[in-house]
Amino acid sequence: MKKRIPLIIIFCVGTLFVLAIFLPFPPFPAMEGEVSVWFDILKGFAFVLGGGNLIRVTADKIRKGHPDRFYLWVTLVGFFGMLGVGLFQLGGPIASGGDFTTEGLWFRRIYDGIFAPCMAAIFSTLAFFVSSAAYRAFRAKNREATVLLIAAFVILLGRTPLGNSLTAWLPDSLSFLKIPWLFEKILMYPNTAGQRAILIGIALGIVSNSLRLILGVERSYLGGEHS
Amino acid sequence: MAMWDLIVLWIGGVMTLMIFSFLYKDNPFYKFAEHLFVGISAAFWMVKAIQTTMIPNMWAAIWPKSVTAILHAAQHTEPNYVRLIPLGLGLLLLSRLIPRIAWLSRWAMAVLIGFTSGTYLVRYLQSDFIAQIRSTIIPLVVITPQGLDVIQSLLNCILVFGVLCALMYFFFSLEHRGVVGGISRVGIWVLMVAFGASFGYTVMARISLLIGRIDYLGQWLQSFWNIL
Amino acid sequence: MSFFLSPLILNTPDYQYFALDKINLFVILILLVTAILFFILQARQGKRLSIRKIAGLEAVEEAVGRATEMGKSVLFVPGSRDLDDLQTIAGLSILGSVAKMTAQYEARLDVPVNRSLVMAAGQETVKEAYLAVGRPDLYKPEIVHYITDEQFGYVAALEGIMVRERPAACFYMGAFLAESLILAETGNSIGAIQIAGTAMPVQLPFFVAACDYTLIGEELFAAAAYLSQDRRMIGSLKGQDVGKVVAMSAIVIGSLLATLVVLSGSSFIDSLFQAFIRLFALNY
Amino acid sequence: MNILKNLLFHLDRRIIYLAVALAVTIPLMLHFAVPLKPSPIVQSLFDAIEALPPESKVILSFDYGPSTLPENDPMAFAFARHLLTRNHKIYMMALWATGARNLDHTIEQVIEKEFPEKVHGVDYVKLGYKAGDEGLINTLFRDFKGMYTTDGHGTNINDIPMMKEITTLEDFDMILNVGSGRPGTKEWIQYAGDRGNIPIGGAVTAVEALLLYPYYPRQLKGLLGGLQGAAEYETALISKYPQFGKTGRQAQVYMGPQAVAHCVILLLVILGNVSYFLGRRRK
């Protein structure tokens with residue numbers, strides 16, 4: 001009973017949404033949009049679980065005397081501080097629709113001073129990781145790696161003015177050896193071929209995985225078959 | 001620059017440097033920034049969810065009159081009782097907090113998973129299966145008024161055979177041996193070209209991000225200069 | 001306005017009852033579903049179906065074993081998107097298999113997540129996995145714990161966990177965005193065995209470059225079937241291959257027809273080609 | 001020689017990081033712009049916007065966060081300049097919560113400064129962010145005003161002149177997406193373009209761009225990929241409308257450090273291979 005009802009729900013809901021796209025009369029065309037809104041509402045409810053978990057796990061560690069106690073406190077203070085600032089709307093009201101761009105809002109100040117800089121800084125460390133990965137991974141160790149290396153090298157060259165001038169002296173009859181030409185063609189042909197095959201494969205994987213879920217063949221997220 | 005903008009910029013600059021310090025090695029400054037960011041961002045998204053979803057899409061839909069003070073548009077709307085369904089599902093989800101009835105939360109989860117699988121199934125079939133097959137159907141020979149275009153024909157062949165070989169690589173039923181092995185080997189090369197190209201192409205985006213940050217740190221330094 | 005009531009309010013009875021412009025999609029859908037069902041049923045009747053080896057998945061057990069020997073933890077990241085992405089659900093299914101192994105080997109498992117719904121589903125998955133192999137005593141609810149919904153806040157925390165806890169095996173299975181390379185490079189710097197899987201085409205090159213094994217696209221969705229060795233699940237993979245045959249034949253036939261049109265200029269072949277290609281039109 | 005070999009074999013990743021940091025910082029301080037010729041995929045989007053009749057209704061969706069500002073902002077700026085110069089009506093919205101700030105940024109930096117004569121509500125409207133990701137597109141496709149009951153300032157949607165003729169997404173002449181991930185251009189194609197035959201133009205980070213090539217030109221009018229795409233679009237815009245020669249070069253200035261950093265990475269790849277082959281010979 002505890003196991004069967006969820007499976008029946010998945011089957012009905014899943015089948016409904018597969019068929020909905022073929023049924024052009026109300027309520028079907030509007031259904032996906034409506035249920036997407038439900039999904040967001042459910043995510044809102046789930047925050048109670050997630051936020052609760054964050055607080056509990058952090059507080060537990062503090063209580064047990066974790067060596068990083070000080071930092072765990074920082075997390076808690078940051079969390080409750082931002083939550084208070086947002087819910088009590090310090091510095092002015094947050095407009096409906098969640099627009100918090102009004103001058104003087106504390107929510108906006110914390111966003112601009114801490115949230116956005118941290119987010120952008122972590123993202124930008126990718127520039128460094130991309131370089132160290134290129135140094136390590138682009139080595140002609142075997143045939144596959146060599147193909148990867150050559151494609152990457154041509155594309156990297158094609159993105160610099162240097163690459164363009166390197167082959168500019170070639171006569172027009174050999175234009176297919178020029179870097180800009182190679183750059184564009186590699187992107188448009190073999191790259192597209194690879195991407196397409198991946199996309200087609202993914203689509204098939206999704207069809208089959210969805211079907212396994214709808215039919216109840218795969219159910220580990222509901223706790224497998226063993227209880 | 002207003003006083004507050006300046007303070008925000010200063011804090012932002014310091015936070016940026018704290019994050020960057022991780023590149024040297026893990027250290028107390030990074031730890032501080034990391035833990036602060038986790039706490040603040042978790043609350044940020046929570047507040048956002050309340051303000052952009054829970055109030056306007058659920059509360060205001062079920063009981064518009066109660067929120068006219070913050071949501072002026074709600075004045076003219078009729079209650080939409082369909083939104084009682086997500087409210088009910090949300091309560092089911094929260095049953096996890098009470099161990100004795102926690103299994104009820106699986107019902108809500110089942111609705112979500114059913115929705116995801118149903119919509120994904122047809123959408124990907126349409127946009128990534130059918131549409132990509134359609135785009136790959138091209139003539140293998142290209143003839144221009146000047147005659148046969150050898151290079152373009154070759155490129156078209158690369159595209160078509162590239163897709164075929166790479167698809168062969170994904171076959172689950174066939175071991176990669178013999179002819180199948182040969183074709184899927186070519187398929188791997190096609191995938192490798194795609195990965196190499198994709199990686200090389202992406203470098204630009206990543207550098208752009210760093211340029212943006214360094215530009216920001218430049219402004220930060222300049223703000224000191226202006227004060228002096 | 002309630003959309004459920006709208007058919008009663010609208011008094012235009014002359015609807016179309018089936019989206020005829022999607023008839024081609026419908027036919028292809030039926031074809032694929034039938035193929036997959038056929039193989040699932042065959043498997044259920046006890047027919048032995050085998051599939052090729054997937055190197056990345058063969059290495060999963062070895063990685064968990066190594067972590068156990070070294071007395072270090074196993075880190076599992078189920079992507080950075082919510083339950084409304086099928087990749088996340090696929091990642092959680094893989095988590096189920098990995099959790100069974102960590103329970104058997106008595107290795108420490110750590111699953112930080114960035115969505116509350118994923119946390120809830122992940123806790124169910126891990127708990128049942130520990131129960132299934134008879135080690136409910138080893139299960140702790142904090143194995144799966146929530147960090148923050150913010151993508152980069154989550155990444156910052158993951159980086160911290162990696163350099164401080166130094167897990168010996170890192171699994172990245174699900175939908176990944178820009179964080180893919182940050183995770184993979186940090187994992188590489190601490191010398192962990194890394195196995196990744198995603199259907200985000202953009203992120204695949206980074207995983208391929210920096211991880212030991214990568215499940216490419218479709219392989220992510222096949223992983224749970226492969227690891228569970230459940231016959232019906234493996235049957236569905238066979239059904240997928242029928243889809244590949246359909247795709248490949250369509251491309252071959254279509255391209256040959258297109259070539260014939262160019263070479264012959266015949267209007268008959270052209271109309272044949274147009275009819276064929278219409279099967280793959282977005283609006284039939 | 002031996003010292004050099006040792007350095008190569010044990011190259012600390014921090015030295016790589018330092019090299020990259022310098023490669024970006026120094027050219028940025030020197031401030032040099034790199035003009036680029038528009039590639040066909042960029043030009044075709046420029047031409048598509050040129051070809052729209054005046055007063056066309058165009059959605060400009062800000063689907064990116066602060067993390068990709070340097071790549072995406074110049075694109076949004078260039079679109080805003082182009083659209084307003086051609087007298088089109090811009091409907092500015094965001095599928096990303098963090099996109100709302102960038103939307104304001106474009107209004108403050110470009111529209112209010114360079115087009116003071118344009119009026120909010122008549123020539124452009126700030127609709128702002130709504131939750132729902134791709135589901136929002138889905139909903140807008142059926143009922144635009146049901147979702148956007150007010151604009152970003154809280155004004156009732158029916159009191160805004162340029163919203164009068166809008167009921168669904170299909171009333172728009174073009175959708176331009178400035179994006180850096182999901183939801184983004186792909187979702188606009190899947191949920192709006194493919195369904196309603198609405199022309200879609202994309203302007204995305206370099207990473208995303210690669211994924212979108214397969215959709216061009218059938219499902220996508222054109223595409224700006226990364227900073228380079230933005231710089232190329234700026235070139236196209238400036239050559240047609242020279243008045244933007246001074247203000248409209250954000251992306252071109254960022255292309256200088258790009259070129260140097262790329263050379264450094266190429267050098268690293270070569271060094272990596274040299275060390276690999278030396279290491280193999282040593283064995």
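**Helices and chain contacts**

Biologist: Which residue takes a positive phi of about 75 degrees just after H7(C)?

Modeller: This is a predicted model, where local features need pLDDT of at least 70, side-chain atom pairs count only at pLDDT 80 or more, and totals for chains, interfaces and linings use all residues. Residues are numbered from 1 along each chain as its sequence is written, while chains are lettered from A and ligands numbered from 1 in the order in which they are written. Helices (H or I, at least four residues) and strands (E, at least two) are DSSP runs, numbered from the N terminus. Just after H7(C), the residue with that positive phi is Gly191(C).

Biologist: How many of the 11 residues of H7(C) are buried?

Modeller: A residue is buried if 20 or more other C-beta atoms lie within 10 Å of its own, exposed if 12 or fewer, and partly exposed in between, with C-beta atoms placed from the backbone. Among the buried residues are Leu181(C), Ile182(C) and Gly187(C). This helix, residues 179-189, is largely enclosed by the rest of the structure, because the buried count is 10 of the 11.

Biologist: Which element gives the largest share of the side of chain A that touches chain C?

Modeller: Here 54 residues of chain A are in contact with 69 residues of chain C (C-beta atoms, placed from the backbone, within 7 Å). Helices H2 (28-63), H4 (106-124), H5 (126-137) and H8 (179-215) of chain A each give two or more residues. The largest share, 16 residues, comes from H8(A).

Biologist: How many nonpolar residues does the side of chain A that touches chain B have?

Modeller: That contact takes 100 residues from chain A and 98 from chain B, and H8(A) gives the most to the chain A side, with 24 residues. Ala, Val, Leu, Ile, Met, Phe, Trp, Tyr, Cys and Pro count as nonpolar, Asp, Glu, Lys and Arg as charged, and the others, Gly among them, as polar. Beside 19 polar and 11 charged residues, the nonpolar count is 70.

Biologist: Which residue of chain A does Thr139(D) touch?

Modeller: Thr139(D) lies in helix H6 (residues 134-142) of chain D and counts as buried because it has 23 C-beta neighbours inside 10 Å. Not counting residues up to four places away in sequence, Thr139(D) touches Gly132(D) and Met147(D) in chain D and, in chain A, Gly33(A).

Conventions. Two residues are in contact if their C-beta atoms, placed from the backbone, lie within 7 Å.
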